[in-house]
Amino acid sequence: MQISKNFVLHEFERSMVAERKNINNKAGSGEIKNITELCYNVLEKVRIKFDEKPVRILSGLRTLELNRAIGSSDNSQHISAKAVDFEIPKVSNLAVAIYISTYLSFDQLILEYWKNDSKDINQGWIHVSYDSEETNRKQVLTFDGKSYTNGLPDTKWSGGQLIN
Ligand SMILES: [Zn+2]
């Protein structure tokens, strides 16, 4: 099922853990509506900004059963499909996070598994959620695998190129 120009529903339902544990991870109409909001308000805009490079969805919907199976909290926005984890291969997750935090409407943005001393532009991924234009909190956090800090890390440049 096509959700928007460049995204299909299956990308948001697909989960290796769900497959392995035989967990049903299918979206209902409410979840499909939330995924659609994410696609139109965030993911399609990100795709345009970063030269139409493919956006790789790592985790979208997680039914309560799946979310518990991977040890995530019961109040995760993935359960209602309001949140998505993604990356654009070979594009700095920090650059993508800066774009979202500056130009887009969103509820919560987390730069996940970020190490300040790493020069790997592919490290970690982006978690972003969308609630509604009226209720989005625009909360921005960085998570290093242990703790959360406010905002995003500083950019580092070398030879005119972003290196983190
Ligand atoms: Zn997430």
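In which sense do β4 and β6 pair, and over how many bridges? The two strands pair in the antiparallel sense, over four bridges; strands count as paired if DSSP finds at least two bridges between them. This is a predicted model, in which local features need pLDDT of at least 70 and side-chain atom pairs count only at pLDDT 80 or more, while totals for chains, interfaces and linings use all residues. Residues are numbered from 1 along each chain as its sequence is written.

**Overall form**
- The protein chain has five helices and ten strands, where helices (H or I, at least four residues) and strands (E, at least two) are DSSP runs numbered from the N terminus.
- The radius of gyration, taken over C-alpha atoms, is 16 Å for the protein chain, close to the 15 Å that the globule rule gives for 164 residues, so the chain is as compact as a globular protein of that length. The globule rule is 2.2 Å times the number of residues to the power 0.38.
- Along the principal axes, the C-alpha atoms of the protein chain fill a box of roughly 50 × 35 × 30 Å.

**Sheet**
- An open sheet of six strands has the order β3-β4-β6-β5-β7-β8, with mixed pairing.
- Its edge strands, β3 (56–59) and β8 (148–150), each pair on one side only.
- Within the β4–β6 pair, Val84 has Val128 in β6 as its bridge partner.
- Helix α5 lies across β4, β5, β6 and β7 and runs at about 170 degrees to β5; axes are lines fitted to C-alpha atoms, for helices over the stretch in contact, and angles run from 0 to 180 degrees between N-to-C directions.

**Nonpolar core**
- A nonpolar core is a set of buried Ala, Val, Leu, Ile, Met, Phe, Trp, Tyr and Cys residues joined through C-beta atoms within 7 Å. A residue is buried if 20 or more other C-beta atoms lie within 10 Å of its own, exposed if 12 or fewer, and partly exposed in between, with C-beta atoms placed from the backbone.
- The largest such core has 33 residues, and Phe12, Ile35, Val42, Ala97, Ile100 and Val128 have the most contacts inside it.
- Helix α3 gives the most to this core, with six residues.
- Not counting residues up to four places away in sequence, Ala97 touches Leu109, Leu111, Ile126 and Leu152; contact requires C-beta atoms, placed from the backbone, within 7 Å.

**Val140**
- Val140, in strand β7 (residues 139–143), is partly exposed, with 17 other C-beta atoms within 10 Å.
- Leaving aside neighbours within four places in sequence, Val140 is in contact with Ser101, Leu109, Gly151 and Leu152.

Methods
Contact = placed C-beta atoms within 7 Å.
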